Amino acid sequence: MKKNLLAMMLVSMALMQTSCHKQSDYEMEVDYRTTINDGDRVKYAEKTLGITIDKNQNWVLTNKAEVTVKVDADLSNIKEVQILSANPYTGETEKLAGVGASQGGSVTLSFRYPMSTTLCYAACLTSDGDGQAVSFVPGQDKTVSFQSEKESNSTPVEKVPMMTTRGMNRAMADNAIKVGGSDLQYTGWTLAYFPDLQNEAHLFLPEGKNNRPQVEALNSHSIVTAAAGGAVRMTYIGGRSGNQTTKIGYRVIDMDDPGKAVLGTFIVDENFDPANYYTADATQKPVMYSCKKVALPYRRQGSSSITTMMPGNVEIEFFLVVDGKDKSDELIRVTTYTVNGHTFVSCEDGDDNTFTDKMFFVDGAIVPAPPAPDIKPVPAKPQVWTYAWEDRDMDDYDMNDCVIRVKENAADNTKLDITLVAAGASRTLKVYFAATEEDVFGKEIHEVLGVPAGTLTNTGRGNTVKTVTVTKPKPAGFDFQTNSFKLWVDVPTEEEAKYTQDHYFINIPTQGQDPHAVVIPADWSWPTERTKITDAYPRFAAWARDITDDSAKDWYKYPAAGKVFHVE
């Protein structure tokens, strides 16, 4: 089948001019008479895309982690443990991994998560849709338990002092840890899931709504300490601006005393610099918070002796002081409740009855407050991955020659749902499993979509058709990132002299290669026809240039308007 070289080149040039990819639109012409290596491809990509590629760039957008989860959530009929991408109590989330489990045991799960993710969630789920979830830092935390609240691994700081020992008549007070001096003690931001705590509170108390009926129905205004007593901490998590004159107070009541003796009455003195008091930004990472912004000192008025300890089996009953007026007889201004195993205290200092004027998270040696009624986790969806390829050497990098979406089958995680969503190539292409070289769809991709060979489909030009999904057994050793799929490409007759066989495979790129394919841990919108990926996703260039640039590791979430395409 050898042909005259000149004739071959003429046919090749004609093909390039009539196909969906005009090579003349770009800055280099391909000389098919020479061997093209990875170095040539990288140089071409850099010139075409106007970028410099980090020599360490491996085009991987996920990390792999393993965590052991103790199945000790306070639930009945636990059937499964899942690793989730977000808090299931505060919005939609995706399942990164899951395994059957039962109360009292432990399970170990391996999973992949996007590099831009700082927190994942372990969730125990029941057969009736109930559940509990706890956050952890993927890749750092090796075990997760539902019986102890996690703290971040930020710089150690002093504990929050809760109350004074002066005036207390319980034996526990004699063993309290005393802190001398008149300076108030502060705590740094140690809670890894601060933004989610705000959202959890708003599940029970929606912002901007009259929440008084549900607060009255719950009729809970206090918390109770555990039998052994110990440290109790309250952490401010949010509220309306301008509420500096609203103070929360509490009485400590001896539950073992028949007359319910009051051991002391206290207020929380929020001794912040007014310029910094309400500047905590929930969108920042936990380590970005300073003590001045998020600390709450606790003291008894007129006392300089402070302790972190509380006696066992006492009731801490909350009230408000508003603009200097004691509202201790109006208990309905404060409510305590539990969402997702977390205890909250929320306050109402005016008359709109939102009960979100001040909100606190409470943890330590306490018995959980009454649960907020009927709040269940949002069912997780399987994690979605998108794969997009270029089909030839030194092309236009619009990443739409073949695009598929993949996820584990919701009913059977040993199977994969694979959806063909776009075909922006003139060549004959097939999708194969990387490990087994099995043809995923069983035929050429244009035929799968029901369009003539070489027809631009679902790229913003040409045809727009319905996607096609097949369900296949997951191959042994399958890994979404590193051992997933590859593209089979038929070699046109006029290019046979370049290859030793009539087809070639395009694998997922690795270190030292050009970005001829992308693996996205999301339901991704791909560039429109002849739109370079750097134009469709401006942050891609920063990530390609520096693999360590944390601000660009989620580049695929920020498309340029009008330059991407998506079909369901």
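Author: Buried means under 20% relative accessible area, exposed over 50%, and partly exposed in between. The model discussed here is a predicted one.

Reader: With that cut-off in mind, is Met394 buried or exposed?

Author: Met394 has its place in the loop between strand E22 (385-389) and strand E23 (402-408), and its phi is near 50 degrees, a positive value in a residue other than glycine. Most residues other than glycine have a negative phi. The relative accessibility of Met394 is 7%, which lies under the limit of 20%, so this residue counts as buried.

Reader: What is the relative accessibility of Met399?

Author: Met399 also sits in the loop between E22 and E23, and its phi, near 55 degrees, is a positive value in a residue other than glycine. Met399 counts as buried because its relative accessibility, being under 20%, is 0%.

Reader: Which element gives the largest share of the largest nonpolar core?

Author: The largest nonpolar core has 34 residues, and the members that touch the most others are Ile520, Trp524, Trp526, Ile533, Phe540 and Trp555. Two or more residues of this core come from each of helix H2 (38-49), strand E24 (415-422), strand E29 (517-520), helix H8 (533-536) and helix H9 (540-545). The largest share, 5 residues, comes from H9.

Reader: How far apart are the ring centres of Tyr337 and Phe344?

Author: The structure holds 25 aromatic pairs. In the pair of Tyr337 and Phe344 the planes stand at 25 degrees, which is under 30 degrees, so the pair counts as stacked. Tyr337 is buried, with a relative accessible area of 0%, and Phe344 is likewise buried at 0%. The distance between the two ring centres is 5.6 Å.

Reader: What is the angle between the planes of Tyr387 and Trp389?

Author: Both Tyr387 and Trp389 are buried. They form a stacked aromatic pair, in which the separation is 6.4 Å centre to centre and the angle between the planes is 20 degrees.

Reader: Over the face of which residue does Arg539 lie?

Author: Two charged side chains can be described in this way, and Lys486 lies over the face of Phe505, at 4.1 Å from the ring centre. For Arg539 the distance from the ring centre is 3.7 Å, and the ring belongs to Tyr558.

Reader: Which are the edge strands of the open sheet of 3 strands?

Author: The order of this open sheet is E4-E1-E7, with mixed pairing. Strand E1 (residues 62-70) is joined to E4 by 9 bridges, the two running antiparallel, and the bridge partner of Lys64 in E4 is Arg112. An edge strand pairs on one side only, and the two that do so are strand E4 (106-114) and strand E7 (143-144).

Reader: Which residue in E21 stands opposite Glu94?

Author: Strand E2 (residues 78-84) and strand E3 (residues 94-100) run antiparallel and are joined by 5 bridges, with Ala97 in E3 as the bridge partner of Ile83. E3 also pairs with strand E21 (residues 381-382), in the parallel sense and over 2 bridges. In E21, the residue opposite Glu94 is Lys381.

Definitions and conventions: Residues are numbered from 1 along each chain as its sequence is written. This is a predicted model: local features need pLDDT of at least 70, side-chain atom pairs count only at pLDDT 80 or more; totals for chains, interfaces and linings use all residues. Side-chain values use heavy atoms; hydrogens and water are left out. A nonpolar core is a set of buried Ala, Val, Leu, Ile, Met, Phe, Trp, Tyr and Cys residues joined through side-chain atoms within 4.5 Å. Buried means under 20% relative accessible area, exposed over 50%, partly exposed in between (1.4 Å probe, protein chains only). Helices (H or I, at least four residues) and strands (E, at least two) are DSSP runs, numbered from the N terminus. Two strands pair if DSSP finds at least two bridges between them. Rings of Phe, Tyr and Trp (its six-membered ring) pair if their centres lie within 6.5 Å; planes under 30 degrees apart count as stacked, over 60 as edge-to-face and the rest as tilted. A charge sits over a ring if NZ of Lys or CZ of Arg is within 6 Å of the ring centre and within 35 degrees of the ring normal.
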